[in-house]
Each structure stands twice: as structure tokens, then as C-alpha cells.
Amino acid sequence: MKKTILMVCLGTVIFVACNSNKNGSDSDSLAIQHTNDTAAVNTNGLLDNCYLHTDGTAAQDSTKVHLIIKDNKVTGEMEWLPMEKDSRSGTLEGTREGNTIKAVWRFMQEGMADSLAVEFDVSGDKLAQKPLVVNTASGRQQTDISAGYTVTFTEVSCK
């Protein structure tokens, strides 16, 4: 239980730290100019968006995704925060081809480092993910590459 609380706190601190202004200046040449505190594009073609997906009987489980897209390079953070279960929090790194993002999610769960491939479809303020399934041979989760983009996210403020 202590590990779970520690991981949730650590994940929250990492997410907040990664979203804060690093130098305290709003005049940075790469400063993001938000429109309605959601999607942002600066003059260098940098796209910086945050998304939220909730599920469970009372929408008690959430997944947060922060995507930073520059040209075809994608970086960001992803957090899976299920209620009363161990969370996953880590970084995304991948590429964008058209609306498709293929990335590796490197995360911590129960004090252990792990990773898995994830796939998203991003279009305007919409983000969708191919679902994860358990590989019966390995017992590990993986992206269901034959599935559609059925896990839908809502764009939210990155603040």
C-alpha cells in the first residue's frame, strides 16, 4: 500500500513538474500560447496537447496523456490512474505519420520499470488509442494492433 501511495504521489509530482514553466518566463521563444487553455501551437510548429480518458462504473479510473509533437517527433507523458490499483506513470517517445502516432510508453509500476508500444490517432482536438490486451503466452499487456482506435480521450487543459 505504501508503494502505491508513493507511486501515485511520484507520478503526480512528475506530471506537474513536466507541465510547469521551466524558466519562469513567459517570453521564452518556445513558449506555448494556449487558446482556451487547451490545444496549443506556437510559431515553430510545436503542438502541445493534453487529453483525459475516464472509465469504470463511476468514471473513477483515468488515463492522462500529454503529447508534444514537433514535425514528426512525438514526446510526452502518460499516466494510468486506476482507483484502488497500482498506477503507471511514465514518458512517451515515438513518431507521427499523418494522424497515426506510434510510441513507446516507458513507465514505473510498483517500483518496477517497464515499457510497451502504444498507438494513437490524433486529429484536431480528438485523441483515440488502440486498446491494450493481455498476451496469453507472455502474460503481458500489448497493443491490440488489429483493433480500431476505441479508447477515446477528451482534450483538457495542460495546466
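Is Glu84 buried or exposed? At 79% relative accessibility, Glu84 counts as exposed, where exposed means over 50% relative accessible area, buried under 20%, and partly exposed in between (1.4 Å probe, protein chains only). This is a predicted model, so local features need pLDDT of at least 70 and side-chain atom pairs count only at pLDDT 80 or more, while totals for chains, interfaces and linings use all residues. Residues are numbered from 1 along each chain as its sequence is written, and side-chain values use heavy atoms, with hydrogens and water left out.

**Overall layout**

- The protein chain has one helix and ten strands; these are DSSP runs numbered from the N terminus, with helices being H or I of at least four residues and strands E of at least two.
- Going along the sequence, you get the pattern α-β-β-β-β-β-β-β-β-β-β.
- The protein chain has 159 residues, and 33% of them count as buried.
- Among contacts in the protein chain with a separation of 6 or more, 36% are between residues 24 or more positions apart; contact here means heavy atoms within 4.5 Å.

**Salt bridges**

- Side chains of opposite charge can pair when their charged atoms come close.
- Searching the whole structure turns up three salt bridges, each defined as a side-chain nitrogen of Lys or Arg within 4 Å of a carboxyl oxygen of Asp or Glu.
- Asp114 pairs with Arg140, and their closest N and O atoms are 3.0 Å apart. This pair links distant parts of the chain, 26 residues apart: Asp114 sits in strand β6 (residues 112–123), and Arg140 in the loop between β8 (132–134) and β9 (141–143).
- Both partners get the partly exposed label: Asp114 because its relative accessibility is 31%, Arg140 because its relative accessible area is 39%.
- Glu119 pairs with Lys130, with 3.7 Å between the closest N and O atoms. Glu119 is in strand β6 and Lys130 in the loop between β7 (126–129) and β8, so this bridge ties together parts that are eleven residues apart in sequence.
- Glu119 is buried at 11% relative accessibility, and Lys130 is buried too, with a relative accessible area of 10%.
- Asp125 and Lys126 meet in a salt bridge at 3.8 Å, N to O. Asp125 is partly exposed at 40%, whereas Lys126 counts as exposed at 53%.

**Nonpolar core**

- In soluble globular proteins, nonpolar side chains tend to be buried together.
- The largest nonpolar core holds 19 residues, and Val65, Leu67, Leu92, Ile101, Phe120 and Leu127 touch the most other members. A core of this kind is a set of buried Ala, Val, Leu, Ile, Met, Phe, Trp, Tyr and Cys residues joined through side-chain atoms within 4.5 Å.
- Two or more residues of this core come from each of β1 (46–55), β2 (61–70), β3 (73–81), β5 (100–109), β6 and β10 (151–156).
- Leaving out residues up to four places away in sequence, Val65 touches a list that includes Tyr51, Met78, Leu92, Phe120, Leu127 and Phe153.

**Second largest pocket**

- Rolling a probe the size of a water molecule over the atoms shows where empty space is left.
- The second largest pocket has about 240 Å³ of space, the volume being the space filled by probe spheres set on grid points joined across faces, edges and corners.
- A pocket, on a 1 Å grid over the protein atoms alone, is an open set of points where a 1.4 Å probe fits, with protein on both sides within 12 Å along at least five of seven lines; lining residues have an atom within 4 Å of a point.
- The lining has 14 residues, and Thr63, Trp80, Gln129, Leu132 and Val151 lie nearest the centre. Elements giving two or more residues to the lining are β1, β3 and β10.
- By type, the lining divides into seven nonpolar, four polar and three charged residues. Here Ala, Val, Leu, Ile, Met, Phe, Trp, Tyr, Cys and Pro count as nonpolar, Asp, Glu, Lys and Arg as charged, and the others, Gly among them, as polar.

**Backbone and loops**

- Glu84 has a positive phi of about 60° although it is not a glycine, and its place is in the loop between β3 and β4 (88–97).
- Ala59, in the loop between β1 and β2, has a positive phi near 50°. Ala59 is partly exposed at 44% relative accessibility.
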